[in-house]
2 protein chains.
Amino acid sequence: MYELFFEEFNKKVPITAEEQEQIKHYLTPKKLRRKQYLLQEGDVCKFIAFVEKGALRAYSVDENFTENIIQFGLEGWTISDLYSFLTEEPAVYNIDALEDSELVLISKSAHEEMLQTIPKYETYTRLNITGAYLAMQRRITTIISSTAEERYQDFINLYPHIAQRVPQHMIASYIGLTPETLSRIRKKLSSGK
Amino acid sequence: MYELFFEEFNKKVPITAEEQEQIKHYLTPKKLRRKQYLLQEGDVCKFIAFVEKGALRAYSVDENFTENIIQFGLEGWTISDLYSFLTEEPAVYNIDALEDSELVLISKSAHEEMLQTIPKYETYTRLNITGAYLAMQRRITTIISSTAEERYQDFINLYPHIAQRVPQHMIASYIGLTPETLSRIRKKLSSGK
DNA sequence: CAAACCCCTTGATTTAAATCAAGGGGTTTT
DNA sequence: AAAACCCCTTGATTTAAATCAAGGGGTTTG
């Protein structure tokens, strides 16, 4: 139920069995069916979600109803609309499941209580958000200075297994391309040009 | 010398005069002249820099010697090659001053000691990196789903005063455009089209 | 089992932005 | 004070990617 969560936690901050028991009280398991929403835009985001099993995505929808995927959430990853979570303003992102999934949710009050009472949780959170920041910085660097093909290559190098679990059109959206362009790039790359 | 640093610190985490004195021991003031490097790619980044006064930029250089600006650093902001700082691998970014500047540097050892001994410093760091993450997430959302004009508008809305302190070609680089394109957008926007 | 849906690819055309070139004007350096 | 440099703009052309359209094939639903 929380196996992977504590495995990842211990990678970042080793904790005792006692601390683990303490933290468990703040965690809420949740299952999602494929295509089921975890968060819809306009609602306040009231949790941080850790993915024990499955795959999620976070995306915004623009005025042409185009979905822009900003984040995937696979096993071991954390996903949220963090701005909404922290400020309690309405979310701008939607989050739903790409396959049946099992999550560990941390509510706002649990989050704040643990920050106050469990120093290793604050360290875990700082390291988590630092890792997310670095991933995003790297991503911006790539997006700003790369061709479409380079973007796809970079994505595949970074996440070799995601392509098998996520539709091509979602990968295209995530890296800022159209599905047709991605299709042409894939053809070109596979024919060795 | 550390006035703005503690002002920003207290905004995030109020600290006592005693804690402030304690933290002061870990801080190192530094002045940079305009165009002077703080960091060059290939060197390990050994500090986190807080900008008391002035303006800096962080950028990478691609194989065509094109500079891609990933971050500006104005008063009140923190700037570093964080990946290099944390992993001690060679930096991929350069950081230099756009005007004469005064900084507060935090070395790796100071950073780690304060994390261990001053809980409010860990909170300050977590809140800092969380803010940076949210800014970057918002930026990725904009870059992926906007036209060139929308990108510039968004930049100007977010940072109305930066345009007066930073050359246009650097703003163009930061938002992923060429100077010529930015110039045409500015002309179009100012003529009310 | 058929209809409906979804994913992906391909071709043709359009378009937003890049690239290349040139020049005006202000600032900095010698 | 002049040369050198830098910033910015504009025009012309090219190009990478988007858009539009169409269709094949697999999966899901009724």
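Q: Through which surface do the copies meet in this predicted model?
A: The same one, because 100% of the interface residues of chain B are also interface residues in chain A. The model is predicted.

Q: Switching to domains. Where are they in chain A?
A: Domain 1 of chain A covers 3-132, and domain 2 covers 146-193. Their centres, taken over C-alpha atoms, are separated by 26 Å.

Q: How many residues does the contact take from each domain?
A: Domain 1 of chain A gives 14 residues and domain 2 of chain A gives 9.

Q: What area is buried between domain 1 and domain 2 of chain A?
A: About 910 Å², with 66% of that from carbon and sulfur atoms.

Q: Which residues of domain 1 of chain A lose the most area to domain 2?
A: I69(A), F72(A) and L74(A). Together they make up 52% of what the domain 1 side buries.

Q: And how many salt bridges between those domains of chain A?
A: The count is 2. R165(A) and E75(A) also meet through their side chains in a salt bridge, at 2.9 Å, N to O.

Q: How many residue pairs are in polar contact across that domain interface in chain A?
A: The rule finds 5, with both residues at pLDDT 80 or more.

Q: Which elements of domain 1 of chain A give two or more residues to the side touching domain 2?
A: β4 (55-61) and β5 (67-74) of chain A. β5(A) gives the most, with 7 residues.

Q: What's that side like by class?
A: On domain 1 of chain A, the side touching domain 2 has 7 nonpolar, 3 polar and 4 charged residues.

Technical notes:
Residues numbered from 1 in each chain as written. Chains lettered and ligands numbered in written order. Predicted model: local features only at pLDDT ≥ 70, side-chain atom pairs only at ≥ 80, totals over all residues. Heavy atoms only, no water. Contact = heavy atoms within 4.5 Å. Domains from an automatic or database assignment. Buried area = accessible area lost by both parts, 1.4 Å probe. Salt bridge = Lys/Arg side-chain N within 4 Å of Asp/Glu carboxyl O. Polar contact = N/O pair within 3.5 Å; in protein donor to acceptor, adjacent residues only side chain to side chain. Helix = DSSP H or I, 4+ residues; strand = E, 2+ residues; numbered from the N terminus. Nonpolar A, V, L, I, M, F, W, Y, C, P; charged D, E, K, R; others polar.
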